[in-house]
Every structure is written in structure tokens, then in C-alpha cells.
Amino acid sequence: MAGGKIRKDKNHRGSAGANPHYQGGIQFHKSKGQHILKNPQLVDTIVEKSGIKPTDVILEIGPGTGNLTKKLLEAGKSVIAIELDPRMVLELQRRFQGTPSSKLKVIQGDVLKCDLPYFDICVANIPYQISSPLTFKLLAHRPLFRAAVIMFQREFAMRLVAQPGDTLYCRLSVNTQLLARVFYLLKVGRNNFRPPPKVDSSVVRIEPMRPFQNLNFKEWDGLVRICFNRKNKTLGAIFRQKTVLSLLEKNYKTLQALQIPENGSLEDIDIDMASAVSALGDTLGDLSMGNDDDGDDENEMDMDDDGEAKGSDFKERVLAVLKEGKYEDRRSSKITQVDFMHLLSLFNKAGIHFS
Ligand code: SAH
């Protein structure tokens with residue numbers, strides 16, 4: 001079917017085929033990230049590598065004109081497709097009009113704004129501008145699904161899978177890998193899309209994990225944010241900065257005023273894990289695409305003109321924690337998640353909190 005469609009387009013080279021922004025009379029909008037998959041072999045490869053079972057309920061995000069949807073319908077039990085553009089929804093209804101509604105359900109809406117349905121596996125070629133919030137929306141979804149196989153912009157995909165010591169290792173890598181196992185599946189050149197985007201792409205497999213018990217995500221992200229603000233500086237240098245120390249001291253005083261025992265933890269405070277995780281996606285926003293060291297994220301503290309804080313009891317308290325865990329001379333670019341967790345627990349033990 002998909003092959004037939006493409007051949008038909010070729011026959012019309014003189015009219016619609018000459019304009020890569022058209023297919024079936026639909027003009028593609030870059031603002032909605034509309035780059036449809038035009039290579040049927042690639043669609044087959046993605047579906048094969050997804051490991052779909054015949055019993056699977058599949059979630060597709062941004063089905064567009066349905067080139068991937070068609071193969072997903074053949075591979076799984078049913079497909080639920082969420083599409084923003086009403087013109088695409090009409091095209092899908094036309095293309096799959098013989099398909100029973102128990103097999104294909106098309107929901108018109110913004111995937112970031114709607115409640116996700118139950119699904120076993122998510123397979124999608126998404127609009128790249130929603131990569132970060134979508135990833136964390138999926139990771140916050142319950143019940144846990146088996147996997148999400150998603151096409152991302154290549155740089156974003158490389159950041160998702162980056163390991164400590166890799167150039168691209170960043171907050172996005174640490175936070176994603178805290179919540180999921182991530183595998184790089186394949187490279188996809190820009191000419192597999194119509195119209196071709198300006199960037200190359202890669203397909204990644206994300207397998208969510210049950211999150212660690214008792215880990216406060218807001219605190220975790222608070223620590224990781226500070227550490228990756230200048231990921232190539234030593235933690236000793238980062239935690240000597242005025243802005244960092246005054247932020248931590250403010251938290252310290254607030255919590256003392258709340259009379260939380262100094263060496264206690266925050267376990268008593270009920271944390272809404274799902275909302276904290278999905279909020280990670282919003283704060284990662286564009287940062288996840290740029291270099292953390294650029295410091296161009298307005299949510300980040302600007303430390304360029306930030307001097308070293310004067311000596312104080314609080315500063316000594318913070319530095320003592322770094323010394324205790326031998327973190328003073330280490331750099332975030334090389335620190336594993338397990339070590340970040342250890343560092344957070346040492347700070348908490350000393351009454352120092354990040355949210
Ligand atoms: N998956 C299709 C089309 C990819 S283009 C294919 O591979 O051929 C991305 C699609 O996502 C477009 O159809 C676009 O309209 C849709 N889209 C963009 N933003 C969206 C959002 N926030 N929620 C759901 N769909 C969205």
C-alpha cells in the first residue's frame with residue numbers, strides 16, 4: 001500500500017511531486033515538525049527493531065499521513081494514534097476507513113496536553129520540538145510500558161545514550177538513565193523524510209525502569225542542575241560559588257525553620273513522583289539540545305560573574321561533604337548516577353537540601 005502511494009506520487013512529478021512540501025494535497029507545516037517518512041524499507045526496519053508482539057497495544061505519536069501507522073497495525077493488536085493536525089486526522093480516517101475502531105483509534109490533540117491511554121509499547125516518528133517534554137511525560141506514565149522506540153534528532157539521541165566521560169554526557173543523559181535503560185538503534189539520514197529536515201535523525205529504544213524508592217526527584221534534579229551548570233569544572237569550584245552557596249543556605253534555613261531534624265531525610269514529605277518527573281522535561285527544554293556549558297538557559301544561574309563565597313560555617317559544612325565523599329576534584333562530565341546519588345545522600349545527611 002505504502003509503495004503504491006509513493007509510485008503514484010512519482011507519476012505526478014509535474015504537479016504535486018515537484019513540491020516536497022505536498023503529499024496527497026496536504027501542505028506540510030515545519031512549525032508542527034511535519035516531516036513524514038517516505039522510505040518504506042526504513043519504516044519496515046523500525047517496526048522490526050521495535051520487537052512488537054501480536055498482543056501489543058501500540059501508542060503512536062504524530063502519525064501524520066499514516067506511513068508508519070499502516071505497518072504498526074499489521075504488527076500489533078491495536079494502535080492508538082495521537083495527532084495534533086486535524087488535516088492529518090482526516091487523511092488517516094480516509095486512508096484507514098475499512099479498519100475497525102477496535103484496531104485503530106485516532107485521537108486529535110496535543111500529546112503534551114492529553115492524558116495518555118494504556119499502552120504496551122510506543123513507536124513514533126515525532127515532531128522534534130517536543131522531544132524533551134515528551135520523553136519525560138512517557139517516563140512519568142503509569143503503568144510502566146515495555147518500551148518506547150522513537151525517532152529523535154541525532155544530537156538529542158546521542159545525549160540520551162551518552163555515558164560518563166562522553167562529550168555529550170549532560171543533565172538529559174543522567175536524568176533519562178535514572179528512569180530508563182536507553183539503547184541506540186539506528187542512524188537515519190535526512191533524505192528519508194519528505195520534506196527533508198535540516199538535521200539527521202536516530203532511532204532510540206527507551207525501556208522505563210521502576211524508580212528508586214525514597215529518591216526525591218526534585219532534590220535529585222536540583223543537585224544535577226547545579227553540577228551540570230559547568231560540567232567541566234570541579235565540584236569543589238562549583239560548590240564554592242556564591243550563588244550556589246546562598247541558594248543552599250536559603251534551603252537549609254527554610255528547612256531548619258520547619259524543624260526537620262538536621263540529620264533526617266525528607267522521606268516524610270510526600271513527593272508526587274510523576275509530576276516531578278514530567279516537570280524535568282519542561283526544565284530541560286532547549287538546554288538538552290545545546291551545550292550545558294553555554295549557560296544559555298535562562299533557568300540556569302548565571303555564574304560567569306559569580307565570585308567565590310567568603311568563608312563561613314555553612315561553606316565549611318558544604319565543603320566537608322565533598323571532602324568526605326572525595327568529590328572535590330571530580331567533574332560532572334565523568335560522574336555516574338550512582339555517585340550522584342551517593343553525593344546527594346551525603347549532602348542530605350549533613351542537612352543540605354536541593355529543593
Ligand atoms: N509519523 C509520521 C509523521 C511524522 S511528522 C511519519 O513518520 O510519516 C510529525 C507529526 O506529528 C505531524 O503529523 C504533526 O502534525 C504531528 N504533531 C506535531 N506536534 C504534535 C503534538 N504536540 N501532538 C501530537 N502530534 C503532533
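Predicted model: local features only at pLDDT ≥ 70, side-chain atom pairs only at ≥ 80, totals over all residues.
Residues are numbered from 1 along each chain as its sequence is written, and side-chain values use heavy atoms, with hydrogens and water left out.

Let's start with the whole chain. You'll find 13 helices and eleven strands in it; helices (H or I, at least four residues) and strands (E, at least two) are DSSP runs, numbered from the N terminus. Of its 355 residues, 54% count as buried, meaning under 20% relative accessible area with a 1.4 Å probe, protein chains only. The accessible surface is about 16,700 Å², and carbon and sulfur atoms hold 50% of that; these areas come from the Shrake-Rupley method with a 1.4 Å probe.

Now for the sheet. Seven strands form an open sheet with mixed pairing, in the order E6-E5-E4-E7-E8-E11-E9. Two strands pair if DSSP finds at least two bridges between them. At the edges sit E6 (104-108) and E9 (180-188), each pairing on one side only. On average, neighbouring strands here are turned by 20° against each other, direction ignored.

Zoom in on E8 (residues 147-153) and E11 (residues 201-208): they run antiparallel, joined by six bridges. Phe 152, for instance, has Ser 202 in E11 as its bridge partner.

Finally, helix H2 (residues 40-50) packs on this sheet, touching E7 (121-125), E8, E9 and E11. Touching is contact, with heavy atoms within 4.5 Å. The direction of H2 makes about 160° with that of E9; axes are lines fitted to C-alpha atoms, for helices over the stretch in contact, and angles run from 0 to 180 degrees between N-to-C directions.

Terms used
Buried < 20%, exposed > 50% of the residue type's maximum accessible area, 1.4 Å probe, protein only.
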